[in-house]
Amino acid sequence: MAHPVINEEECIGCGICVDACAQSVLEVVDGICEAVNEDDCIGCSECMDECPMGAIEVVED
Ligand code: SF4
Ligand code: SF4
């Protein structure tokens with residue numbers, strides 16, 4: 001199953017990935033992106049493609 005891995009050191013909390021994810025997997029919590037709904041990830045990589053900081057990697061388990 002695919003899921004996003006967020007590099008908290010690089011994330012600036014812009015929320016672009018939140019808007020890019022059609023599955024509502026991501027949320028910005030206290031200024032940092034968090035995968036709050038990981039089970040719904042379909043591995044589309046939109047979040048990874050849209051993040052301006054390169055802070056997301058979508059990985060397959
Ligand atoms: S890979 Fe797609 S479904 Fe998964 S968190 Fe990123 S945008 Fe959402
Ligand atoms: S798009 Fe990137 S920098 Fe912006 S909130 Fe998401 S992970 Fe953080």
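A residue is called buried if 20 or more other C-beta atoms lie within 10 Å of its own, exposed if 12 or fewer, and partly exposed in between, with C-beta atoms placed from the backbone. This is a predicted model, in which local features need pLDDT of at least 70 and side-chain atom pairs count only at pLDDT 80 or more, while totals for chains, interfaces and linings use all residues. Residues are numbered from 1 along each chain as its sequence is written, and chains are lettered from A and ligands numbered from 1 in the order in which they are written.

Select valine 28, which lies in strand 2 (strands are DSSP E runs of at least two residues and helices are H or I runs of at least four, both numbered from the N terminus). Valine 28 counts as partly exposed because it has 17 C-beta neighbours inside 10 Å. Leaving aside neighbours within four places in sequence, valine 28 is in contact (C-beta atoms, placed from the backbone, within 7 Å) with Gly13, Gly15, Val18 and Cys33.

Now show strand 2 (residues 26–29) together with strand 3 (residues 32–35): they pair in the antiparallel sense over 4 bridges. Pairing requires that DSSP finds at least two bridges between the strands. Glutamate 27 has glutamate 34 in strand 3 as its bridge partner. The two strands form a hairpin with 2 residues between them, and aspartate 30 in the turn has a positive phi of about 50 degrees.

**Isoleucine 16**

Move to isoleucine 16, in helix 1 (residues 16–20). With 18 other C-beta atoms within 10 Å, isoleucine 16 is partly exposed. Beyond four places in sequence, its contacts are Glu50, Cys51 and Pro52. Draw a distance from isoleucine 16 to cysteine 47: their C-alpha atoms are separated by 7.7 Å, although the residues are 31 apart along the chain.

**The two ligands**

Select ligand 1. Of the 14 residues around ligand 1 (C-beta atom, placed from the backbone, within 6 Å of the molecule), Cys21, Val25, Cys41, Cys44 and Cys47 come nearest. Around ligand 2 there are also 14 residues, of which Cys11, Cys14, Cys17, Cys33 and Cys51 come nearest.

**The core**

Finish with the largest nonpolar core, whose 9 residues are Cys17, Cys21, Val25, Leu26, Cys33, Cys47, Cys51, Ala55 and Ile56. Such a core is a set of buried Ala, Val, Leu, Ile, Met, Phe, Trp, Tyr and Cys residues joined through C-beta atoms within 7 Å. Not counting residues up to four places away in sequence, isoleucine 56 touches Pro4, Ile6, Cys17, Cys47, Met48 and Cys51.

Conventions. Two residues are in contact if their C-beta atoms, placed from the backbone, lie within 7 Å.
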